[in-house]
Amino acid sequence: YMFFFDRLKKFIVNNWIFATVIIFYLLTSAAPLLWFRKISDQFQFIGRGDYLPPINIQDIIYKEFFTINQDMAGIQNAANFGHLFPFNTIFLILYRLNIDPIKSTLLLISFIIFISQASFLYSMTYFLKKDHKPFSKESKLAMILSGILYGYSPFLLSLIAPGHIILLFNYAVFPLIITFTDKLINSEKNNPNLFIVFFLLFLFSATSFANFAIIYLNLFIIGLFGFLKITIDKKPVFKTIYKLILFGLILFLSNSWWLVSYLYEIFFNNVIFVVSSANVIKEYIANIPSPSYISLLLFGKTTFNYVVQENERIFNILNIFSMFFIWIFFFRFIFSNTFKSKRIYLIFFILMILVLFLTKGFSYPFPEIFNFLFYKVPGFVSFRNSHNKFFWFFWYCLLLLSTAGIIEHFINNGKKIVSFFLLSLLTCISIFYIFTFIKHPQLGPFNIPNYYKQLNRYLGNKNNTKRLNKDCA
């Protein structure tokens, strides 16, 4: 016990900057816990839309090990087993610590935000250090604050609002996935440590991968990234393709404990349904009103629409100002000599533009692009809600290039007063994003009605051997 704390103390002393950043991110990621002060003690659960916290987590985990689930009225979806780790495992640990479902949900969101901030900071440090090493104090602070913008992006609230919390596991670690993919492609030899890292990252994303569109999305973006590394960065064709195949293989192996049965279910049971529903999905999405949709995307407006009402003028004004600040330094970097001299930045710029057009879906301009992909590319029909699947990577690229522009400005303009002013603005924007998150809690409290419990006791009675009519149930 003492040996562990002595080593931890020595590590903190020798790496005090790293330890300070971790503590800072732990504090900033605690914002979801402030939702709890608005919830009365009389409630047992919180949820919304598709999200429901596990009720009786031990029983849920036990039943997921079986194909037949009586609670699901028959054979259950194989994807449910993908929720075992990390989602249900985290809830089981918190349950063992006697933490109630409300606090467990809020702690889970805080944990995801912390991982998101830290992974984006690591990714940004990796891609920018080649041009700006060693970083100045101002540059380090700008990158730390940008990590907050990634962790508390409008996209986060837009996923929590409809209850799609499980998709955030992959959102949190994807900066690390694309960072280590770049390391893999650039490496002369295959480093076993990289494959271990990939295995763990994909394992952490397993709950998100239970939505097959997220697996497709990862393979799609990494495939585009590899293609651009070949065409723009002049990486060896066959060697890069071989490494990307290894990437896909590790993804499959790390999730094979549930993915094998799920793939069988998709390709042999549900494929006809998915294909036949394409026209219905397209007609539904195309009828959603979205005037100037791409312009709304550029200012993050569509994501805040989930949580910020039109009459909350101050939030809308601050949001436009924040995005305007980010875009200024994005274009500042795009026209810099550093951008022109480094191919990796051009790769992210191209990916950002491509993902932007995919995010807008069937909306104008150029709806034919998504229309072609939706009907002609196998599996693309899974992106029926393109905003929830693509916008986060657009946000990643935008923040990465914008932060590079801020650092570029620090280097070329050595005036302390200018640096202080820019960092003050970036700090205010970070506080605004956190405050918006706190101000608009996206999960509502509820209790299980007593008549459900009464029905459960009635059906559990040993003398009750009759089965309810399916329609009645």
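**Notebook: helices and selected residues**

I started with Leu-253 and placed it in helix 12, residues 237-254. The model I am reading is a predicted one. Is Leu-253 buried or exposed, or something in between? I got a relative accessible area of 45% for Leu-253, so I logged it as partly exposed. Next I looked up a distance from Leu-253 to Phe-199. Their C-alpha atoms are separated by 7.9 Å, although the two residues are 54 apart along the chain.

**Whole chain**

I then stepped back to the protein chain. Its secondary structure comes to 23 helices and four strands. I noted 473 residues, of which 49% count as buried.

Helix 17 covers residues 313-334. At 1.5 Å a residue, its 22 residues should span 32 Å. The end C-alpha atoms of helix 17 are 31 Å apart, which agrees.

I listed the buried residues of helix 17 as well. Among them are the phenylalanines Phe-315, Phe-325, Phe-329, Phe-330 and Phe-333. The list also includes Asn-316, Asn-319, Ser-322 and Trp-327. Met-323, Ile-326 and Ile-334 are buried too.

Ser-402 came next. I found it in helix 21, residues 386-412. Its relative accessibility is 3%, so I counted Ser-402 as buried; the cut-off is under 20%. Which residues does Ser-402 contact, leaving aside its neighbours within four places in sequence? I found Ile-326, Phe-329 and Phe-330. These three are on my list of buried residues in helix 17.

**Helix 6 against helix 22**

I finished with a helix pair. Helix 6 spans residues 137-151 and helix 22 spans residues 416-439. Their axes come within 9 Å and cross at roughly 15 degrees. That makes helix 6 roughly parallel to helix 22, because angles under 35 degrees count as such. I logged the crossing as left-handed.

I wrote down the residues that meet. From helix 6 they are Glu-138, Leu-141, Ala-142, Leu-145, Ser-146, Ile-148 and Leu-149. From helix 22 they are Lys-416, Ser-419, Leu-423, Leu-426, Thr-427, Ile-429, Ser-430, Tyr-433 and Ile-434. I sorted this contact by class: ten nonpolar, four polar and two charged residues.

Note on methods: Residues numbered from 1 in each chain as written. Predicted model: local features only at pLDDT ≥ 70, side-chain atom pairs only at ≥ 80, totals over all residues. Heavy atoms only, no water. Axes fitted to C-alpha atoms, helices over the stretch in contact; angles between N-to-C directions. Helix = DSSP H or I, 4+ residues; strand = E, 2+ residues; numbered from the N terminus. Parallel < 35°, antiparallel > 145°, perpendicular 65-115°, else oblique. Left-handed = near helix turned anticlockwise from the far one by under 90°. Contact = heavy atoms within 4.5 Å. Nonpolar A, V, L, I, M, F, W, Y, C, P; charged D, E, K, R; others polar. Expected span 1.5 Å × (residues − 1). Buried < 20%, exposed > 50% of the residue type's maximum accessible area, 1.4 Å probe, protein only.
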